[in-house]
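Visitor: I'm new to this one. Can you walk me through the structure?

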Amino acid sequence: MTAAEICSWCGTAVEADDGYRAYEQPGERRAVFCRLEHVVPWVLGDAHWEAGSPISEPPGLEAEHTCSQCGERLGDVRVVLVHHRGEGRITDAFCSVDHLEAWAKAGGRWQ
Ligand SMILES: [Zn+2]
Ligand SMILES: [Zn+2]
């Protein structure tokens, strides 16, 4: 039994098999979101990261070479977003939090 995580934007409890996790890589910073829509105000509100190592080790991370928003090749620093859906982990990577925000605003993978 793990303690529920809290959405970095609204403070709602987020179950381990639900919601979104964002990580800045390399680094020890993370954020948690109860829903994709809350990424947008979080970025616009100065993207306050929490210190800490990734809660979920995003699978297939090495495979993420391009930004899901602009398609540009990722540099040394990237932002990773992991969608937790039950046992499933869906990973997207971005060149910056700005592109994470643009992608989330457009509805993510369902745009
Ligand atoms: Zn929230
Ligand atoms: Zn980009």
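Guide: We'll take the metal site, then a tryptophan, then the cavity. This is a predicted model, where local features need pLDDT of at least 70 and side-chain atom pairs count only at pLDDT 80 or more, while totals for chains, interfaces and linings use all residues. Residues are numbered from 1 along each chain as its sequence is written, chains are lettered from A and ligands numbered from 1 in the order in which they are written, and side-chain values use heavy atoms, with hydrogens and water left out.

Visitor: Which residues coordinate the zinc ion (ligand 1)?

Guide: Cys7 (SG), Cys10 (SG), Cys34 (SG) and His38 (ND1) do, at 2.0 to 2.3 Å. Donors are N, O and S atoms within 2.8 Å of the metal (3.2 Å for Na, K and Ca); water is not among the atoms, so sites may look incomplete.

Visitor: And why is the arrangement tetrahedral?

Guide: Because the four donor atoms subtend angles of 95 to 124°. Four donors count as tetrahedral if all angles lie between 85 and 135 degrees.

Visitor: What spacing do the donors follow along the chain?

Guide: C-x2-C-x23-C-x3-H. Cys10 and His38 link distant parts of the chain, 28 residues apart. Cys10 is in the loop between β1 (5–6) and β2 (13–14), and His38 is in the loop between β4 (29–33) and α1 (39–44). Helices (H or I, at least four residues) and strands (E, at least two) are DSSP runs, numbered from the N terminus.

Visitor: Is His38 buried or exposed?

Guide: His38 is buried, at 17% relative accessibility. Cys10 is partly exposed, at 36%. Buried means under 20% relative accessible area, exposed over 50%, partly exposed in between (1.4 Å probe, protein chains only).

Visitor: New topic. Where is Trp49?

Guide: In the loop between α1 and β5 (50–51). Trp49 is buried, at 10% relative accessibility. Leaving out residues up to four places away in sequence, Trp49 touches several residues, among them Tyr23, Trp42 and Val97. Contact means heavy atoms within 4.5 Å.

Visitor: How far apart are the C-alpha atoms of Trp49 and Ser8, and what separates them along the chain?

Guide: They are 8.0 Å apart, with the residues 41 places apart along the chain.

Visitor: What volume does the largest cavity have?

Guide: About 60 Å³. On a 1 Å grid over the protein atoms alone, a cavity is a set of points where a 1.4 Å probe fits but cannot get out; lining residues have an atom within 4 Å of a point. Grid points are joined across faces, edges and corners, and a volume is the space filled by probe spheres set on the points.

Visitor: Which residues are closest to its centre?

Guide: Of the ten lining residues, Tyr20, His83, Asp92, Trp103 and Arg109. The largest share of the lining, three residues, comes from β6.

Key. Four donors count as tetrahedral if all angles lie between 85 and 135 degrees; four count as square planar and six as octahedral if opposite donors are over 155 degrees apart and all others between 65 and 115; anything else is irregular. On a 1 Å grid over the protein atoms alone, a cavity is a set of points where a 1.4 Å probe fits but cannot get out, and a pocket is an open set with protein on both sides within 12 Å along at least five of seven lines; lining residues have an atom within 4 Å of a point.
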